[in-house]
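I opened a new notebook page for this structure. These are the things I looked up, in order.

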Amino acid sequence: MRLRSSPWVLAVLLLAGLCLVVVALWVYGRLTSPTPAQVAALEAMRAPAGDETGDNGFERLAALPVHADPTRWPACQAGMPCLERVEANPVSFAQALAPLARDLDEAERVLRAPRFVDPRPAVAIDDAGPSFDAVAALDARRALDFVSGRRAEALAAACTDATDALRWVRRPDSLLHAMIGVAVFRDTAWLIGEMRARDPAAPLPAACAPLMDVPDAATEGAACAMLAAEWRHQQRVMPAMEAKARGGGLSGLLQPVLHDGRWLAARSAERFATACGAAGAEAARADRLPTLSAPPPRGVDHVAFPLSIGLDGLEAPAYGVYIERLLDHAARRRLLVAGLRMGAMDPAMAGTARFEALPEALRGGPRPLAFDARNGTLLVPMRGPQTHLPTGAVAEERLRIPVMP
């Protein structure tokens, strides 16, 4: 007697076979991740950013007392003449800075420290890290010293501040740390310009010499170090994010099956790594954003990491704003170099002649500098968000280092 197959048996067999295929694809996807390209990207993201030993500025900054009122820090306002502001009320500035002397001394040590690294392996989602208010207030101390007659010392200290801020931008611990470095350099560069405008005949201190080297655009504007630092910061925050998303019940049980933070980290590394290497250097030289793109997920990834794929790439569009600020920083860096070099030339030379005597690599390129002969100032256009400027204002940077017209 021939046995007839029941439709229910066939359905069960088909379903079981389908489940076996899904499980096999899931296992294959997990076993083959990360891909060789992602492994290379992960290595680029994990590479040490700089010195691994020595004084740690992060730990010093974290040990500073937290002041609830940020207005107690008399920092100069971005985009406004710092020396004029201090000269208008030097007694008030001196009284405000006096009780903060120890904090400001420590802020100098933070900025001078050979490394700045968050040593914590895991960080809470809402942990903003230590406050940089004390570091931001150093320009007010330099301005007060200059107005009080200690001009050479103030200029030398400001140049050292700017040089150290450059190191923060080149070897940051996070995206925030890089942007703080950009802001400190910007404000200090303005202050240096003001100081030179007040005392153009004074010789430049030796501390200013590093700021006169022609910068390499592939180094100053490349986003690789900043994005790698942000990737490392993300890995410190990821455990807390996953714990919060896990919750309880069935969703918590299924999360390890549907999501893998290591896959998401590999995808993010693959995307960020496009700002590194030859492609990243070329983008920086051309003064344009890197692509920050990664190949589409493999078909098997949709089975092995379905929840992770929904989260993949959500952050990508936001980074363009910060890379624009970094490219603006590279332009501002050239502006300061050009201004210091022109100020050090023969006073008998006309301003236009001084400008034309600058190396083409410094004043040319995709975002060339310009010289305003009437005002004796250098300028360069800015592209990124300029939060210190009034709405509708021309986004350009001017350096107040006068030259002979």
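I began with Leu311, which is partly exposed because its relative accessible area is 40%; buried means under 20%, exposed over 50%, and partly exposed in between (1.4 Å probe, protein chains only). Leu311 lies in helix α17. Helices are DSSP runs (H or I, at least four residues), numbered from the N terminus.

I noted the ground rules. This is a predicted model, where local features need pLDDT of at least 70, side-chain atom pairs count only at pLDDT 80 or more, and totals for chains, interfaces and linings use all residues. Residues are numbered from 1 along each chain as its sequence is written, and side-chain values use heavy atoms, leaving out hydrogens and water.

Next I looked up the nonpolar surface patch. Helix α13 (249-258) gives the largest share, 3 residues.

Then I turned to a helix pair. The axes of α2 (residues 36-46) and α14 (residues 261-272) come within 8 Å and cross at roughly 75 degrees. The two are therefore roughly perpendicular (65 to 115 degrees). Their contact (heavy atoms within 4.5 Å) includes Leu42 and Met45 of α2 and Phe272 of α14.

Last, I checked Gly320 in helix α18 (residues 319-343). Gly320 is buried, at 15% relative accessible area. Gly320 and Pro121 are 27 Å apart, C-alpha to C-alpha, and 199 residues apart in sequence.

Conventions. Axes are lines fitted to C-alpha atoms, for helices over the stretch in contact, and angles run from 0 to 180 degrees between N-to-C directions. Angles under 35 degrees count as roughly parallel, over 145 as roughly antiparallel, 65 to 115 as roughly perpendicular and the rest as oblique.
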